[in-house]
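Please look over the structure below before reading my comments. I have kept them in numbered points, so that each can be checked by eye.

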Amino acid sequence: MLRSVVLGCGSYLPARILSNDELARSVETTDEWIVQRTGIRERHIAAPGEMTSDLAYNAARAALDHAHVDASSIDLIVLATATPDYTFPATAVAVQARLGINHGAAFDLQAVCSGFVYGLQVADSLLRAGIYKRALVVGAETFSRILDWNDRTTCVLFGDGAGALVLEAQEGTGTNADRGLLTTHLRSDGRHQAKLYVDGGPSSTQTVGHLRMEGREVFKHAVAMITDVIHDAFDATGLNAGDIDWFVPHQANKRIIDGSAHKLGISPEKVVITVDRHGNTSAASIPLALADAVADRRIRRGNLILLEAMGGGFTWGSALLRW
Ligand code: ACO
């Protein structure tokens, strides 16, 4: 049985760091309010002219270096983003071209904050079907470009960044001892569209628009949806919270992460947290967090990793992965 095995991971954050105190000089907020409600202390902001494809390229380059593989061996690029460089072509083809790849397929995938988990299931399906051999799954965002910087209820929450994994189809035994993706589960429910959306687009307003959110409504649904789809992953594999080495959740809000971990019975020492330094980077947050925990050697080969995300749509999903 084929498995999609992680060969390497990498990430990239823009140089500029925006602290809560600095934000509090332009909107009516405080470091104390932001930290207490969200756990966020600072976020990175892309430089003028620095685009999602630049962030994605740097993360992809780092992942390829970490995997010790040539870009030319990649035959699939799935790039999850809600903030593409242009309406079209896909940001993925810009990354493909900069990596010097001119074979295989590259496309963008849009599931907002759940984009990386969606990207993993899509890439995993194509790799296990034997259609491609080696994939880059990238999450990259420049949410700073779609924020209303006068709206304190949203602008304090998000940041820019990118992360990437290199996956390869390898023969496995079909048991939970295999390295690679063991299971992925996706959900969506479009009845919740209006709770988190961008009020612009090519077909509606012909503008880019700004992010709008009913924060309390999102919060209300988040923990239940996240834990539910994680139970799908446990049911599919027979694994449980006690088997997990590292829980790497989408980094939207420390309270949502803590609430989910608590409900699942995962101890705080096993939870990878980056939201304090990165804010919510949407589709980029999971690979950014993975790269962080790999770089400081928390995540090691053979570890069982639980991923989850939830975001606009609503979309949500989970994945179990043996590193
Ligand atoms: N600074 C100071 N005060 C603020 C700020 C701010 N930045 N933002 C809102 N407030 C005020 C509000 O105006 C309100 O004042 P009022 O009582 O006088 O009306 C008060 O703080 C409380 O506002 P609430 O919205 O009730 O605050 P809450 O405790 O719900 O926290 C938050 C807001 C942090 C947005 C929370 O609802 C949340 O985290 N929701 C989840 C949203 C999320 O994470 N979205 C990310 C995208 S989806 C995803 O990635 C999962």
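Predicted model: local features only at pLDDT ≥ 70, side-chain atom pairs only at ≥ 80, totals over all residues.

1. Residues are numbered from 1 along each chain as its sequence is written, and side-chain values use heavy atoms, with hydrogens and water left out.

2. Four strands form an open sheet with mixed pairing, in the order β8-β13-β12-β11. Strands here are DSSP runs of E with at least two residues, and helices are runs of H or I with at least four, numbered from the N terminus; two strands pair if DSSP finds at least two bridges between them. Because β8 (180-188) and β11 (246-249) stand at the edges with a single partner strand each, one side of each is left without a neighbour in the sheet. From one strand to the next, the twist averages 10°, where axes are lines fitted to C-alpha atoms, for helices over the stretch in contact, and angles run from 0 to 180 degrees between N-to-C directions.

3. Between β11 and strand β12 (residues 304-311) the pairing is parallel and runs over four bridges, and Val248 stands opposite Leu307 in β12. Helix α7 (residues 215-237) packs on the sheet, touching β8, β11, β12 and β13 (315-322), and its direction makes about 140° with that of β8. Contact means heavy atoms within 4.5 Å.

4. Leaving aside neighbours within four places in sequence, Trp246 is in contact with residues including Glu269, Val272, Ile299 and Leu304. A polar atom of the Trp246 side chain lies 3.1 Å from the backbone oxygen of Arg298.

5. The ligand is surrounded by 23 residues, of which the closest are Thr29, Arg37, Arg216, His250 and Asn253; a residue is near a molecule if one of its heavy atoms lies within 4 Å of it. A nitrogen atom of the ligand is 2.9 Å from a polar backbone atom of Arg152, and an oxygen atom of the ligand is 3.0 Å from an N or O atom in the side chain of Asn280. Of the 1000 Å² of accessible area that the ligand has on its own, the protein covers 76%, with areas from the Shrake-Rupley method and a 1.4 Å probe.

Key
Polar contact = N/O pair within 3.5 Å; in protein donor to acceptor, adjacent residues only side chain to side chain.
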